[in-house]
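Trainee: I would like to go through some labels and see what each one rests on. Shall we take the structure now?

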Amino acid sequence: MAEVFISPLVGTILDSLNSWSLKGLELAGSLKTEVASLESTLTTIQAVLQDAEEKQWKSKAITDWLGKLKQAAYDLEVVLDDFNTEALRRSLHTDARSQVTSFFSLGNPLLFRLDMARKFKNVRVKLDAIAGEKSKFHLREGVGEAEIERNEDRQTSSLVTESEVLGRADEKEKIVSMLLSNVSHHDDLSVYAICGMGGLGKTTIAQLVYNDENVAEVFDLRGWVCVSDDFDIKRLTKVIVESFGGKSGDIQELDPLQRCLVEKLAGKRFLLVLDDVWNKSHDKWDRLKQALQCGQKGSTVIVTTRDEDIAVMMATTPFCRLGCLSDHDSWSLFKKRAFGMEKTGSNANLETIGRQIVQRCGGVPLAIKAIGSRLRFRSQESEWLRVKDSKI
Ligand SMILES: Nc1ncnc2c1ncn2[C@@H]1O[C@H](COP(=O)(O)OP(=O)(O)OP(=O)(O)O)[C@@H](O)[C@H]1O
Ligand SMILES: [Mg+2]
């Protein structure tokens with residue numbers, strides 16, 4: 001079952017709705033009311049979205065609900081695009097003459113407002129219905145704190161304890177040999193993407209590759225940057241410089257920051273991991289990529305992302321669509337978590353129930369680890385059965 005992650009999209013839409021009043025577009029009458037209702041509905045949905053996204057692997061109903069929300073959010077995006085096009089058109093034609101002519105054209109402000117109000121209303125009615133269903137799932141609210149926690153939680157680094165990683169040898173080998181062959185064949189910057197649903201182990205594989213001895217040997221510089229959902233070019237340029245051991249001090253402006261980066265990378269073959277990328281803007285990526293073109297032949301960027309569209313946008317080679325952990329590795333991971341050093345043999349039934357629980361985790365390491373830890377040192381069969389039969 002494919003997971004659905006839409007909080008970045010909902011966040012962008014809300015930002016966009018908020019920014020209209022700032023852009024000075026005449027929001028009046030029914031259009032103003034519709035935009036206010038939309039903002040309010042989306043804000044109530046956003047408050048529980050993170051919890052829904054985290055719990056979806058336990059419940060098909062939540063995934064379906066998120067799927068419906070995603071569709072409605074896409075519909076809203078289309079309406080917003082129309083609106084933004086009109087805003088752009090107006091900002092390009094603000095001289096008096098064009099305002100006179102536009103009254104008789106498709107750009108007539110009153111007709112436009114009425115048309116937009118109708119379109120917003122259609123989407124808002126759908127979103128209200130979706131928001132009404134959320135109470136069924138008993139989701140936790142609290143975007144502010146959850147957001148901070150999530151971002152801190154999501155910080156990653158290049159460190160990994162290899163002995164704790166189960167399987168993935170083939171996947172790692174494939175990426176390593178591709179990197180090593182790129183080094184001698186490719187003149188331009190290569191970008192390799194690893195994509196797959198949340199918790200599948202993309203970051204873990206990137207860590208294994210990053211720390212591989214042969215990889216460490218062929219690259220003069222290696223850097224690891226946890227991008228997450230903030231693709232601000234200045235921030236990224238700064239953290240990339242620092243990830244390569246450079247210093248950017250108090251520099252705040254983009255131009256000197258980019259010069260720092262170029263100085264650091266010039267004549268060097270580098271490997272850069274951009275972990276957990278959510279940015280869909282081709283333009284932003286192009287701007288960052290441009291500054292990374294200064295390395296030596298064979299320089300490579302590895303990207304991890306949940307979103308296949310992002311992998312397609314960024315990758316210059318066929319990307320890796322990460323699969324699930326094998327049954328064997330899934331069970332080993334679960335066993336380690338749930339039983340620690342103890343033998344499962346102390347209660348044979350627990351092993352049978354445990355294997356059924358692991359089946360339900362669909363080879364997603366994050367899920368296996370979480371449930372394994374939850375059952376650690378619990379020896380009551382009834383507790384295990386409850387987990388097996390619950391909508392975990
Ligand atoms: N092969 C594995 N063996 C053991 N543990 C693993 C394995 N792969 C991943 N894990 C563990 O599962 C959790 C999730 O892995 P990871 O962070 O790599 O997933 P991800 O795909 O990057 O997720 P996200 O999309 O949220 O960034 C981590 O705690 C990681 O240590
Ligand atoms: Mg990750």
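Trainee: Why is glutamate 308 called partly exposed?

Mentor: Glutamate 308 has a relative accessible area of 34%. Buried means under 20%, exposed over 50%, partly exposed in between, with a 1.4 Å probe and protein chains only. So 34% makes glutamate 308 partly exposed. Keep the basis in mind: this is a predicted model, where local features need pLDDT of at least 70, side-chain atom pairs count only at pLDDT 80 or more, and totals for chains, interfaces and linings use all residues. Residues are numbered from 1 along each chain as written, chains are lettered from A and ligands numbered from 1 in the order written, and side-chain values use heavy atoms, without hydrogens and water.

Trainee: What makes arginine 321 and glutamate 308 a salt bridge?

Mentor: Their side chains meet at 2.8 Å, N to O. A salt bridge is a side-chain nitrogen of Lys or Arg within 4 Å of a carboxyl oxygen of Asp or Glu. The pair therefore qualifies. Arginine 321 lies in strand β5 (residues 320–321) and glutamate 308 in helix α13 (residues 308–314), so the pair ties together parts 13 residues apart in sequence. Helices (H or I, at least four residues) and strands (E, at least two) are DSSP runs, numbered from the N terminus.

Trainee: Is arginine 321 buried or exposed?

Mentor: Arginine 321 is exposed, with a relative accessible area of 56%.

Trainee: How do you know that aspartate 64 and lysine 60 are about one helical turn apart?

Mentor: They are 4 residues apart in helix α3 (residues 60–92). Lysine 60 is exposed at 52% relative accessibility. Aspartate 64, at 38%, is partly exposed.

Trainee: Which side chain meets glutamate 133 in a salt bridge?

Mentor: Lysine 68, at 3.0 Å, N to O. This pair links distant parts of the chain: glutamate 133 is in helix α5 (residues 109–133), lysine 68 in helix α3, 65 residues apart.

Trainee: What makes lysine 202 a polar contact of ligand 1?

Mentor: A polar side-chain atom of lysine 202 lies 2.6 Å from an oxygen atom of ligand 1. A polar contact is a pair of N or O atoms within 3.5 Å; within protein, one must be able to donate a hydrogen and the other to accept it, and residues adjacent in sequence count only if both atoms are side-chain atoms. So 2.6 Å passes. Arginine 306 also places a polar side-chain atom 2.7 Å from an oxygen atom of ligand 1.
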